[in-house]
Amino acid sequence: MTSSLVGSEMCIRDSPKASCTIKLMKVTVNNLTFSYEKEPIINHLNIEIPHGFSLLIGPTGCGKSTLLKIIAGLYPKYAGRLTGMVDLHGQKAAMMFQNAAEQFTMPTPREEIVFALENLQLDEGEYQTRLDQATAFTQIADLLDQKINTLSGGQQQRVALAVLIAMDVDLLLLDEPFASCDPKTRAFLIKKLAILAHNGKTIILSDHVLDDYEPVCDHLFEFTNNQEVIELNASKKIALFEQNKKLHERHYHFVLPNSEPIFTLKQVQIRQNKLLLKQNELNLHSGTTLITGANGVGKTSLFKVMTKMIPYTGNFAYLNKEIAQISARKYLTQVAQIFQKASDQFLAVTVKDELELSKKDRNLFFTEEKVNEWLDKLGLAKHLDQVVYSLSGGQQKKLQILLMLMTKHQVLLIDEPLSGLDHNSVKLVLELMRESQQKLHQTFFIISHQIDELAEFCDYHLIFADQRLKYVER
C-alpha cells in the first residue's frame, strides 16, 4: 500500500472554468480481504476507482467506511487484518471521518489547521497563505477562533474539510461528511468538492443521502450485501437519482400542539460563545417534536440545557419545576439525551457488554425476547462479540438508540437519529422508536435535517431561527 498525508503544491480554483496542472490518477484495489474479527467485511475485492468525483453507496455496515480507512492507510495499522493490495499510484491522501470531532487535536480551527501544516514540515511563511485559502474556500472565517468543542456537528464537518484543503492532498476520502449539515451547508460543500475534482483532485465519498450529487457525481459505486462492489452505468445512476427525487415530492404537514406541556420557557436565554436563544415564552409539549434549524443556531445547546449540561438564564421548567433547582440524580432518571455521536453513549467494550449493562435497569417492555427480536431486525445479533467502536457508524447508531430506548426515561432528546443509516435502517429505527413510544408513552424531541424521513413520524415541527423557537404547521 502507498499512502501519505504530506501535501503538494496548492491548486484550488473557485470556478469550474479554472485550470491548473492536473494529474489524472486512480485508486486500484487488488484481491483485498479485510476482517475485524473472524468474518471478513471485505472479501477478495477487485476494483478501480478512476479520477474524479466518486460516490460510494450501500447498506449500513457493508464496508464503505472500512474501505476508505484502508485506502487512507489507517487499516490495518490501527485495526483489523488485511490481505491484498491498494495502489494509490503516487497520490497523497487524507481522510475526513464520519464524526469530524474524532480527528481534532487543537482547541480552535485556526490552531488545528496550523498544526496540520506544521506536521507537513512546510515553511512558516506558507502557513498563512494556505490558511487563508482553506478559510475562504470553506467560508469558516467566523469560526476560526471559536472553541471546536462548542461548534455544531455541521460546523465541525466544515472545519475538517478546511484542514484537508489546507493540506492540499491529491486524494480526499470523506466518510458521511454531511451527516450533521443543514441542507444549505450540504449543497455548498458538495459544490466545493466538485470544484476540487474539476481541478484535478480525486474525491471518494460515502453517503446514504443522495441529495445534490446528481450534477457532480462522475462515478457511483454500489456495495451489495454479498460483498460485491459494482459501478452503476449511466441509466442506473439516473434511475437512482430519480427515485431519490420522489422522496422530496411527498406532501406533509404538522399540527400545532394541543397536548400537555412538558417544559415551560419564560424569558430564557442560552449562550455559547454568543447569544443563541432569547425566548420570551414557549411551552414544549408531549408527543414527538421535530426540531430543525441551520448549523450553529443552537439546537444541540438547547438539549444540553435540558439535560443540565450547560447553564441558562430565565425560567426553564420541567413539569412546573425549575430545571436548575431539581437535583441532577432525580431529573436525569426522567430526561435523557441520545447524543449525536453514538460512541459518546457507550461505556463498555463489546456489543454484548453494552447490552448487559443496559439490561440491569431497563423498562418492562424490553424483555429478553423483545431485545433479541430487535437485535435480529437491526442486523446486530451477529455482532454481539464485536468491539462497539469497530462497528460502522450506522451500526453504532442503531445500537445506541436500542440501548437508550431500553432505559426508564420518559423524555428522550434525540440528536440526529438517522445519521449514517441507509433507507431500510431508517425505516427499522423509526419502527423501533414508534413501538417503544406507544408502549411506554414516551415523549421524543428530535433534532434532524432529514425532514422528509421524519415528517410522518413526528407530531409537531419546531423551527429554531433568529434566536427563538417557533411551532409551525408546514
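Analyst: In this predicted model, a residue is called buried when its relative accessible area is under 20%.

User: With that cut-off in mind, why is helix α7 described as mostly covered?

Analyst: Helix α7, which spans residues 299-306, has eight residues, and six of them fall under the 20% limit and are buried, so the description "mostly covered" follows from that count. The buried residues are Lys-299, Ser-301, Leu-302, Phe-303, Val-305 and Met-306. Just after the helix, Lys-308 takes a positive phi of about 65 degrees.

User: Which strands does α7 touch where it packs on the sheet?

Analyst: The sheet in question is an open one of four strands, in the order β11-β10-β13-β14 and with antiparallel pairing. Its edge strands are β11 (274-285) and β14 (321-322), each of which pairs on one side only. Helix α7 packs on this sheet by touching β10, β11 and β13, and its direction makes about 115 degrees with that of β10.

User: How do you know that β10 and β13 are paired?

Analyst: Pairing requires at least two bridges between two strands, and five bridges join β10 (residues 261-272) to β13 (residues 313-318), so these antiparallel strands meet the requirement. Within β13, Thr-313 is the residue that stands opposite Gln-269.

User: What makes β2 and β4 edge strands in the sheet of three strands?

Analyst: That open sheet has the order β2-β1-β4, with antiparallel pairing. Both β2 (40-49) and β4 (81-87) have a single partner strand, so one side of each is left without a neighbour in the sheet, and this is why they stand at the edges. Neighbouring strands here are turned by 5 degrees against each other on average, when direction is ignored.

User: What makes the approach of Asn-363 to Leu-405 a polar contact?

Analyst: A polar atom of the Asn-363 side chain lies 2.9 Å from the backbone oxygen of Leu-405, and that distance is within the 3.5 Å cut-off for a polar contact.

Notes
Residues numbered from 1 in each chain as written. Predicted model: local features only at pLDDT ≥ 70, side-chain atom pairs only at ≥ 80, totals over all residues. Heavy atoms only, no water. Polar contact = N/O pair within 3.5 Å; in protein donor to acceptor, adjacent residues only side chain to side chain. Buried < 20%, exposed > 50% of the residue type's maximum accessible area, 1.4 Å probe, protein only. Helix = DSSP H or I, 4+ residues; strand = E, 2+ residues; numbered from the N terminus. Axes fitted to C-alpha atoms, helices over the stretch in contact; angles between N-to-C directions. Contact = heavy atoms within 4.5 Å.
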